[in-house]
Amino acid sequence: MKITVAVSAVQGAFIEHEKMLESLGAECFELRKKSDLERPFDALVLPGGESTVMGKLLFELDMFDTLKRKIEDGMPVFGTCAGLILLSKSISNDSANYFATMDITTKRNAYGRQLGSFHTTADFKGIGDIPMTFIRAPYIESAGEGVEILSVVDGNIVAARQGNQLVTAFHPEVLEDTSVHKYFLEITENYLKNK
């Protein structure tokens, strides 16, 4: 089954996601303007970057409402770092609100400047131990009932899933380990089978 993934490319680190997904056999294209949404796609990636800028651009380019509707209708979406913030129902240290489709409360730049970036290895539910790179990352402070917690680092939730929505506070696309992207493609495959 050939899966087509649309990768939000208005801002942030999107190319690494495309390369990784393509190495796993998926087809990718970039969402840069409203007309790109007319192309058919099975899943969506919201990459790391600057969530405030991303949210603003998605609004200004008139792409926000269409993407929100697709996510609410069950289309698989994978948000890393800033993408996690965009999907969060609430952000504890920011009054802004974006897609708000996932029942999680997130803290932006949670690790502060000193620990702005770090690397570790931790367990990811259903996969096992994987390498994780955090870059000025958020973390999930709390998760609602329908949210499955997939990974915890130092007592903080750093990966979770709700239905077809997958989020990580870390950047799996910057390393060679493809297991999280593979996991996302499996979510998409199941979604397409049961559609």
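**Close-up views of a predicted model**

**View 1. The lining of the largest pocket.** The lining residues of this pocket divide into six nonpolar, five polar and three charged. Welcome to a predicted model, whose largest pocket holds about 270 Å³ of space. Of the 14 residues that line this pocket, Gly49, Glu50, Cys81, Ile135 and Arg136 lie nearest its centre.

**View 2. Helix α1 and what covers it.** Look along residues 15-23 to find His17, Glu18, Met20 and Leu21, which are buried. Their cover includes the strands β1, β2, β3 and β4, as well as helix α5. Just after α1, Gly25 has a positive phi of about 95°.

**View 3. Phe29 meets Phe41.** Seven aromatic pairs turn up in a search of the whole structure. In the pair shown here, the planes of Phe29 and Phe41 stand at 75° with ring centres 5.8 Å apart, so the rings are edge-to-face. Phe29 belongs to strand β2 and Phe41 to the loop between β2 and β3, 12 residues apart. Phe29 is buried at 5% relative accessibility, and Phe41 is buried at 8%.

**View 4. Phe118 stacks on Phe134****.** Here the planes are at 5° and the centres 4.5 Å apart, so Phe118 and Phe134 count as stacked. Phe118 comes from strand β7 and Phe134 from strand β8, 16 residues apart. Phe134 is buried, with a relative accessible area of 0%; Phe118, at 17%, also counts as buried because the cut-off is under 20%.

Terms used:
Residues are numbered from 1 along each chain as its sequence is written. This is a predicted model: local features need pLDDT of at least 70, side-chain atom pairs count only at pLDDT 80 or more; totals for chains, interfaces and linings use all residues. Side-chain values use heavy atoms; hydrogens and water are left out. On a 1 Å grid over the protein atoms alone, a cavity is a set of points where a 1.4 Å probe fits but cannot get out, and a pocket is an open set with protein on both sides within 12 Å along at least five of seven lines; lining residues have an atom within 4 Å of a point. Grid points are joined across faces, edges and corners, and a volume is the space filled by probe spheres set on the points. Ala, Val, Leu, Ile, Met, Phe, Trp, Tyr, Cys and Pro count as nonpolar, Asp, Glu, Lys and Arg as charged, and the others, Gly among them, as polar. Buried means under 20% relative accessible area, exposed over 50%, partly exposed in between (1.4 Å probe, protein chains only). Helices (H or I, at least four residues) and strands (E, at least two) are DSSP runs, numbered from the N terminus. Contact means heavy atoms within 4.5 Å. Rings of Phe, Tyr and Trp (its six-membered ring) pair if their centres lie within 6.5 Å; planes under 30 degrees apart count as stacked, over 60 as edge-to-face and the rest as tilted.
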